[in-house]
Amino acid sequence: MKAVVYKEPFNVAVEEVDDPRVQDPTDVVIEVTTSAICGSDLHMYEGRTGAEPGIVFGHENMGTVREVGPGVASVREGDRVVLPFNVACGFCKNCLAGKTGFCLTVNEGFAGGAYGYVSMGPYTGGQAQYLRVPFADFNCLQLPKGDEHEDDFALLADIFPTGYHATELAQVSPGETVCVFGAGPVGLMAAYSSVLRGASRVFVVDRQPDRLRLAGRIGATPIDYTEGDAAEQIKEHTAGEGTDKGIDAVGYQATVREGEEQPAMVLNTLVEAVRPTGMLGVVGLYVPSDPGGPSESARKGELLFKIGRFFEKGLRMGTGQANVKAYNRHLRDLIIAGRATPSFVVSHRLPLDDAPDAYRRFDRREEGWTKVLLKPGM
Ligand code: NAD
Ligand code: ZN
């Protein structure tokens, strides 16, 4: 089959690889209809993670079930399903508690598995024609047959639940004010989820005019951080107090853009932008310390976190991979009911062969390249 294969930093290719097969009785194999490119893929693409050449990317997957293992009880051939980016077992301590992003079974030595992602277990990615899905009864979310809402449903694999997770970590409640740093797909979904949860006012911080325009379209107030300190701008809008809640949807890459002066770590600006005793939800990715590795800048970023200000303000913070399964069923039903349309972030729908060009453009944050959906059937 054809698949998007990582070659070296800033280079992916579409190549022939082995078809996936049912390996364990609890597996299914799906024919992929949509697989999205994610900001998380860019950490590997830009060579910051030590990903091995040859890995097939793609953790935001949906499609049609084609092969069913003998131990699968509820999933049938022909079912239309979307898969959480987390590969999870469903029976470990963390899965039983709903923390499927930290499954203790699927990725020996680490907590949490994912498709097509370095250090997240041996699971091949779905930017390909077919994908093997382990523990299929647990991981497949059933969708209505047909092709309605395809692009909305595709976003249930990661960014919609991840944006929602950020609002859950920050415990966004009706009437509250929220600031979201990053107007990438994840930040936009966090802002959208804040609106869904009844926030009275949402601020979205970025520098990209096209992405800030999208934030404006969902009723958020765009803040351009190149026009002055973002925390100060937010305080001006909130009687000097700052917002009740804050979300980091940028992560450490803000500190490592090539050729740019290193900006302040987003997390420290967030600490300033939120009122004392407020709460932070951090879904932007911070890679673990890796002395001597490509994440040197990230290591600096970790060391630069101003814990003193955080303490002084009595803030609280939640972090980590989204537990997609905790939210995807409810978010699916909002889409079906016509009460959520997350696909407003989708800018491109492209065949698999266009992936190398799409990666280049999305990585450069080219104007209008907000979210790319790859369609292997196109
Ligand atoms: P993205 O790179 O497209 O978006 C990041 C945005 O942040 C860009 O628009 C960029 O212009 C903006 N930005 C950069 N520096 C900034 C600063 N100083 N202040 C404000 N904005 C700034 O990526 P994305 O797909 O939206 O993902 C965002 C982050 O979320 C990534 O780190 C990704 O790895 C992470 N992520 C986490 C999870 C999870 O489960 N926790 C899931 C998916 C993605
Ligand atoms: Zn993703």
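**View 1. Two neighbouring parallel strands, E10 and E11.** Strand E10 (residues 177-181) and strand E11 (residues 201-206) run parallel and are joined by 5 bridges. Strands here are DSSP runs of at least two residues (E), helices are runs of at least four (H or I), and both are numbered from the N terminus. Two strands count as paired if DSSP finds at least two bridges between them. To find your bearings, look for threonine 177, whose bridge partner in E11 is arginine 201.

A word on the model before going on: it is predicted, so local features need pLDDT of at least 70 and side-chain atom pairs count only at pLDDT 80 or more, while totals for chains, interfaces and linings use all residues. Residues are numbered from 1 along each chain as its sequence is written, and chains are lettered from A and ligands numbered from 1 in the order in which they are written.

View 2. Stepping back, you can follow 6 strands of an open sheet with parallel pairing, in the order E12-E11-E10-E13-E14-E15. At its edges lie strand E12 (221-224) and strand E15 (316-319), each of which pairs on one side only. From one strand to the next the twist averages 20°. Helix H9 (residues 266-273) packs on this sheet and touches E10, strand E13 (243-248) and strand E14 (274-282). The direction of H9 makes about 170° with that of E13; axes are lines fitted to C-alpha atoms, for helices over the stretch in contact, and angles run from 0 to 180 degrees between N-to-C directions. Contact means that the C-beta atoms of two residues, placed from the backbone, lie within 7 Å.

View 3. Helix H5 (residues 159-169) is largely enclosed by the rest of the structure, because 10 of its 11 residues are buried. A residue is buried if 20 or more other C-beta atoms lie within 10 Å of its own, exposed if 12 or fewer, and partly exposed in between, with C-beta atoms placed from the backbone. Among the buried residues of H5 are Phe160, Tyr164, His165 and Leu169. Their cover includes helix H6 (185-196), E13, E14, E15 and H12. After H5 comes glutamine 171, with a positive phi near 50°.

View 4. Of the 9 residues in strand E3 (residues 28-36), 8 are buried. E3 runs antiparallel to strand E4 (residues 60-68), joined by 8 bridges. Strand E8 (residues 130-133) pairs with E3 in the antiparallel sense over 4 bridges. Isoleucine 30 is a handy landmark: its bridge partner in E4 is valine 65, and in E8 it is leucine 131. Strand E17 (residues 372-374) also pairs with E3 in the antiparallel sense, over 2 bridges, with leucine 373 of E17 opposite alanine 36.

View 5. The protein is divided into domain 1 (2-157 + 324-374) and domain 2 (159-319), with bounds from an automatic or database domain assignment. Taken over C-alpha atoms, their centres are 25 Å apart. Here 22 residues of domain 1 are in contact with 24 residues of domain 2. On the domain 1 side, the elements giving two or more residues are helix H1 (39-45) and helix H12 (328-336). H1 gives the largest share, 3 residues.
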